[in-house]
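Let's take a walk through this fold together. Have a look at the sequence and the structure below, then read on.

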Amino acid sequence: MAFLMKLISTLSDRVATPTVGVLCLLIVLITPVDAYQFLDDPSGYILVHHLDTSQPYWQWQYLKLNCLMFLVASLGLCLIILSYKRKSNNILHLSSRLFAILVLGLWIIGFYQWAETGFDH
């Protein structure tokens, strides 16, 4: 059991946390640009994201998700950076590991669900 915990800890520190950190950084950099482009011309996003344009304020469907992604990615990136700066803080380090494992797991599940739709080939 101790070996398994050590393996998970090592994989989390060396693979999951840096990968999720880079992913969060990309999301933080890209989402404001994407939101600006959406506000400039939302018609190009309707078919891709299956937005329900019959709803009032339908633009908020996409912008709320965009803002939520930006907020979560920003907080996650801050958590990861702080855990690297303050290595002696075990709670911060554990929180960073759990966040990285959760996001990586959700990313893998999302990719799998996307691949099942047939858009991968």
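## The nonpolar cores

Which residues touch the most other members of the largest nonpolar core? They are Val20, Cys24, Phe99 and Val103, in a core of 14 residues. A nonpolar core here is a set of buried Ala, Val, Leu, Ile, Met, Phe, Trp, Tyr and Cys residues joined through side-chain atoms within 4.5 Å. Buried means under 20% relative accessible area, exposed means over 50%, and partly exposed is in between, using a 1.4 Å probe and protein chains only. Helix H1 (2–40), H3 and helix H4 (90–116) each give at least two residues to this core. Helices are DSSP runs (H or I, at least four residues), numbered from the N terminus.

Val103 is in contact with Val20 and Leu23, once its neighbours within four places in sequence are left aside; contact means heavy atoms within 4.5 Å. There's also a second, separate core of seven residues, and Phe38, Leu51, Trp58 and Tyr62 are among them. As a general point, nonpolar side chains tend to be buried together in soluble globular proteins.

## What you're looking at

This is a predicted model, where local features need pLDDT of at least 70 and side-chain atom pairs count only at pLDDT 80 or more, while totals for chains, interfaces and linings use all residues. Residues are numbered from 1 along each chain as its sequence is written, and side-chain values use heavy atoms, with hydrogens and water left out.

## H1 against H4

H1 and H4 pack at an angle of about 70°, and their axes are 8 Å apart. Axes are lines fitted to C-alpha atoms, for helices over the stretch in contact, and angles run from 0 to 180 degrees between N-to-C directions. So H1 is roughly perpendicular to H4; angles of 65 to 115 degrees count that way, those under 35 as roughly parallel, those over 145 as roughly antiparallel, and the rest as oblique.

The crossing of H1 and H4 is left-handed, meaning the near helix is turned anticlockwise from the far one by less than a right angle (clockwise would be right-handed). On the H1 side, the residues that meet H4 include Ile8, Ala16, Val20 and Cys24. Among their partners in H4 are His93, Phe99, Val103 and Trp107. By class, this contact of H1 with H4 has eleven nonpolar, six polar and two charged residues. For these classes, Ala, Val, Leu, Ile, Met, Phe, Trp, Tyr, Cys and Pro count as nonpolar, Asp, Glu, Lys and Arg as charged, and the others, Gly among them, as polar.

## H3 and its partners

The axes of H3 and H4 come within 9 Å and cross at roughly 135°, so these two helices are oblique to each other. H3 passes H4 in a left-handed crossing. The contact includes Gly76 and Leu79 of H3 and Leu92 and Ser95 of H4. By class, it has six nonpolar, five polar and no charged residues.

H1 and H3 pack at an angle of about 145°, with axes 8 Å apart. Their contact divides into 18 nonpolar, six polar and two charged residues.

Is Ser96 buried or exposed? Ser96 sits in H4 and is buried, at a relative accessible area of 2%. Not counting residues up to four places away in sequence, Ser96 touches Thr17, Leu79, Ile80 and Ser83.

Ser54 lies in the loop between helix H2 (46–49) and helix H3 (59–85). Ser54 is exposed, with a relative accessible area of 61%. In the loop between H2 and H3 you'll also find Tyr57, exposed at 65% relative accessible area. Tyr57 isn't a glycine, yet has a positive phi of about 55°.
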